[in-house]
Amino acid sequence: METFDRQLRYFLQIAQLRSLSRAAEDLDQTQSGLSRQLAALEAHVGKPLFTRTGRGVELTEAGRQLKEQTEGAFRTIDTALATLRVHDGVTQGTVRLAVIHTLSYYFMGEVVARFVSQHESVNLSLLARSSPEVVELVESGRADVGFVYDAAVASTGVVSRPLFDDDMCLLVPEASGIGDQIDLTVHLPKLVAFPSHYMLRRMVHSSGLVPQIVAEAETVDAMLEIVSSGVGCCILPCRIPDKLLVEHRLRKVAITRPALRRRVVVIVKAARVLPPIVEHLVDAAIAIAASA
C-alpha cells in the first residue's frame, strides 16, 4: 500500500509539471527510477497514463481520469494531517523558503536570524529563484513560504500579504562619469540585467524603457562582477548593502525617472492550513518589515 501511495504521488507530480525530468528533480529521484515507478503504476492500471511530446509529457484520457479522481483525495489527506499538526502544536521540522535572488542579500538575513533564535530545532531550507519560480514552488507545495514581488503573483493558488516597497537605483562603477542622480528617460546607459523572465527585467521594459542589454546574469554576484568590468550598469534595489558594492568598486545612483518600484510580499499556498512554525516565520517577516 505504501508503494502504491508513493506511485500515485509521483504520478500527480509528473502530471502537474508535465515533465519526467523536472518531477524527478523535485522528488529527489533519478529519472530512470521515476520511470520505473510510473511503468509499475501503468501496469497496475492496465493503460498508459502519459504520452511523450516535444516539450515533455501529456496526460492520456486514462491519466486525466486518474488525476481527477486522486488529487482531491490526496489534498484532503494532506490538509487533515496539517490540521492535526497545528492542533498538536508541532514546532519542529523543516521549513522550505523560496526567495527572489535580491532578497537573499538583505531583509532575509534578519528574518532568518530572528526565526532561528526562537526555533532552534527547526531547519530552514532556502531556495533562491526568479519571481515566477518562487510562485510556482509555493503553489505546488514544494516551498512552504515565498518572498516575491507582487507583480509576479497572478495565481489563485497562492495568497499574499504585503511587506514593503523596494525602490530601485542604478549601480555604476565608481569611476563612471554619471552623477548622483539620473533620468533614464533622457540618458539610458547600457545595462547588465537578469534574464527576461525575471520581474526586475520586466519592470524595466514595462516602464517604457528600451535599454541595450549587453549581458545577462542570473545572480546578483555575477551581475555586480560584470558591471565592475565596465561593460555596463545595472538596476537593482536601493537596499543592496553598500559593503557589497565596495567590494566591486561600485556606487548607487538615484533614479529620478521613471519611478521604478516594486512591492515585496510573502506568499503561502491557498487553502492550506499552515503549521505553527510556518505561521511564526510569516509573522517574523511581517514584524521586521513593519519596523524597517
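**Note on the predicted single-chain model**

1. Surface. The chain exposes about 14,900 Å², and carbon and sulfur atoms supply 49% of it. These accessible areas come from the Shrake-Rupley method with a 1.4 Å probe; for residues, only the protein chains shown count as cover.

2. Basis. This is a predicted model: local features need pLDDT of at least 70, side-chain atom pairs count only at pLDDT 80 or more, and totals for chains, interfaces and linings use all residues. Residues are numbered from 1 along each chain as its sequence is written, and side-chain values use heavy atoms, with hydrogens and water left out.

3. Overall make-up. The chain has 10 helices and 12 strands. Helices (H or I, at least four residues) and strands (E, at least two) are DSSP runs, numbered from the N terminus. Along the principal axes, the C-alpha atoms fill a box of roughly 70 × 45 × 30 Å. Of the 292 residues, 44% are buried. Buried means under 20% relative accessible area, exposed over 50%, and partly exposed in between (1.4 Å probe, protein chains only).

4. Contacts. Take the contacts with a separation of 6 or more: residues 24 or more positions apart account for 72% of them. A contact means heavy atoms within 4.5 Å.

5. Charges. The chain carries 31 positive and 33 negative charges, and their mean positions are 3 Å apart. Lys and Arg count as positive, Asp and Glu as negative; His and the chain ends are not counted. Each charge is placed at NZ of Lys, CZ of Arg, CG of Asp or CD of Glu.

6. Cavities. The whole structure holds two cavities of 30 Å³ or more. A cavity is a set of points, on a 1 Å grid over the protein atoms alone, where a 1.4 Å probe fits but cannot get out; lining residues have an atom within 4 Å of a point. Grid points are joined across faces, edges and corners, and a volume is the space filled by probe spheres set on the points. The largest cavity has a volume of about 90 Å³. Strand S8 (191-193) and helix H7 (199-206) each supply at least two lining residues. H7 gives the most, with four. Among the lining residues are Phe194, Pro211, Ile213, Met223 and Ile235.

7. Glutamine 13 sits in helix H1 (residues 2-17). It counts as buried because its relative accessibility is 11%. Leaving out residues up to four places away in sequence, glutamine 13 touches Ala23, Asp26, Leu27 and Arg142. Arginine 18 is not a glycine, yet its phi is positive, about 55°.

8. Helix H6. The buried residues of H6 (residues 131-140) are Ser131, Val134, Val135, Leu137, Val138 and Ser140. An α-helix has 3.6 residues a turn, so residues three or four places apart point the same way. Just after H6, glycine 141 takes a positive phi of about 85°.

9. Glycine 46. This residue lies in the loop between helix H3 (31-45) and strand S1 (50-53). Glycine 46 counts as exposed because its relative accessibility is 57%. Its C-alpha atom is 49 Å from that of valine 112, 66 residues apart along the chain.

10. Arginine 249 lies in the loop between helix H9 (242-247) and S11. Its phi is near 55°, positive in a residue other than glycine. Arginine 249 is exposed, with a relative accessible area of 62%. A cis peptide bond joins arginine 257 and proline 258, with omega about -10°. Proline 258 is in the loop between strand S11 (250-257) and strand S12 (261-269).

Conventions
On a 1 Å grid over the protein atoms alone, a cavity is a set of points where a 1.4 Å probe fits but cannot get out, and a pocket is an open set with protein on both sides within 12 Å along at least five of seven lines; lining residues have an atom within 4 Å of a point.
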